[in-house]
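Please give me a short tour of this structure.

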Amino acid sequence: GGKSDVIELDDSNFEELVLNSDDLWLVEFFAPGAATAKPGPHWAKAATELKGKVKLGAVDATVHQGLASQYDVKGYPTIKFFPAGKKDRHSAEEYNGGRTADDIIQWASDKAAESAPAPELLQVTKESVLKDVCEDSQLCVISVLPHIYDCQSECRQGYLDVLKRLGEKYKRNRWGWLWSEAMAQPKLEEALEIGGFGYPALAVLNSRKMKYSLLRGSFSYDGINEFLREVAVGRGSSVPVKGAKLPEVVSVEPWDGKDAKMDEPEDIDLSDVELEPEDKGKERIEL
């Protein structure tokens, strides 16, 4: 009753709210007669904490016996888990966690993390991308890939696919995943001391501590996986970010997914600009 976040379910709304929704659900089948079997404060607290991640429902099994027998409920309370996406009555899984609010929250959060989509792998095209991703994540994984002239679309896509697979593997850690083209973000490379190592390169940044760790092994699925495994358990060495703050980012056009155009005059102009003294280039940008 009251303002509980537990959703009351019955024969009339169960299919629509639970089975036909994309949401994850934990549903408690209870019998009001049994003193211990009513959805208690733990269930209500968990429902509030899990809002937006997992929905918690309750079915009075003495009133809705058909529903209870459909889900093979024999004792009270019985809790069933319904995964995300389209489901039917065969989708229900037994809940096998503890009964305190903390147990329920932990169990449901793990399930939510398992079914969460992999994080997006974003190109650092402007300041806000770096800021948003790195400040919202415990760690952000930043890769600097070879210039498109040195590694055309198929080659680059190969690297991006490896990073996406790793993003999927480590999605429960809720890290941020970013990439940049070699020399496109000089301040970022300088802050993470990436430039000198050749490309591709990868660093993991903790923006709260302003420290980072650099991948020393091979830039391959296995090489990066081994490195991230160490990072995930807090092993491996980290060093302070140069300047002790998130580096400046210049706005660049996002990659269009294509090979480099070899013979367009604009490209020649760009390389001319790069050859001029740095200050002159800056003036030109400001004008």
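**Ground rules**

This is a predicted model, in which local features need pLDDT of at least 70, side-chain atom pairs count only at pLDDT 80 or more, and totals for chains, interfaces and linings use all residues. Residues are numbered from 1 along each chain as its sequence is written, and side-chain values use heavy atoms, with hydrogens and water left out.

Helices (H or I, at least four residues) and strands (E, at least two) are DSSP runs, numbered from the N terminus.

**The five-stranded sheet**

Five strands form an open sheet. Their order is S1-S3-S2-S4-S5, and the pairing is mixed. Two strands pair if DSSP finds at least two bridges between them. Strand S1 (7–9) and S5 stand at the edges. Each has a single partner strand, so one side of each is left without a neighbour in the sheet.

Strands of a sheet pair through backbone hydrogen bonds, either parallel or antiparallel. Strand S2 (residues 25–30) and S4 run antiparallel, joined by five bridges. Within S4, Ile79 is opposite Glu28, and Lys80 is the bridge partner of Val27. On to S5: two bridges join this strand to S4, again antiparallel. There, Glu93 stands opposite Phe81.

How many residues of S4 are buried? Five of the five are, so S4 is largely enclosed by the rest of the structure. Buried means under 20% relative accessible area, exposed over 50%, and partly exposed in between (1.4 Å probe, protein chains only). In a regular strand the side chains alternate between the two faces of the sheet. In S4, Thr78, Lys80 and Phe82 point one way, while Ile79 and Phe81 point the other way.

Contact means heavy atoms within 4.5 Å. Axes are lines fitted to C-alpha atoms, for helices over the stretch in contact, and angles run from 0 to 180 degrees between N-to-C directions. Helix H4 (residues 101–115) lies across S2, S3, S4 and S5, at about 140° to S2.

**Just past S4**

Where is Pro83? Pro83 is in the loop between strand S4 (78–82) and strand S5 (93–94). Its relative accessibility is 24%, so Pro83 counts as partly exposed. Leaving aside residues up to four places away in sequence, Pro83 touches Asp23, Leu24, Ser91 and Glu93. Asp22 is 61 residues from Pro83 in sequence, yet the two are 8.3 Å apart in space, C-alpha to C-alpha.

**The six-stranded sheet**

A second open sheet has six strands in the order S6-S8-S7-S9-S10-S11, with mixed pairing. Strand S6 (121–123) and strand S11 (239–240) stand at the edges. Each has a single partner strand, so one side of each lacks a neighbour in the sheet.

Strand S9 (residues 201–206) and strand S10 (residues 211–214) are antiparallel and share four bridges. Leu214 in S10 is the bridge partner of Ala203.

Helix H5 (residues 127–136) packs on this sheet. H5 touches S6, strand S7 (140–145), strand S8 (176–181) and S9, and its direction makes about 155° with that of S8. Helix H6 (residues 153–169) lies across S6, S7, S8 and S9, running at about 170° to S8.

**Rings**

The whole structure holds nine aromatic pairs. Rings of Phe, Tyr and Trp (its six-membered ring) pair if their centres lie within 6.5 Å; planes under 30 degrees apart count as stacked, over 60 as edge-to-face and the rest as tilted. Two of the pairs share Phe14.

| Pair | Centre distance | Plane angle | Type |
|---|---|---|---|
| Phe14 and Tyr71 | 5.4 Å | 45° | tilted |
| Phe14 and Phe82 | 5.7 Å | 75° | edge-to-face |

Phe14 lies in helix H1 (residues 14–19) and Tyr71 in the loop between helix H3 (65–70) and S4, so their pair ties together parts 57 residues apart in sequence. Phe82 lies in strand S4, so its pair with Phe14 in H1 links parts 68 residues apart in sequence. Relative accessibility is 2% for Phe14, 3% for Tyr71 and 0% for Phe82. Ring pairs link Phe14, Phe29, Tyr71 and Phe82 into a cluster.
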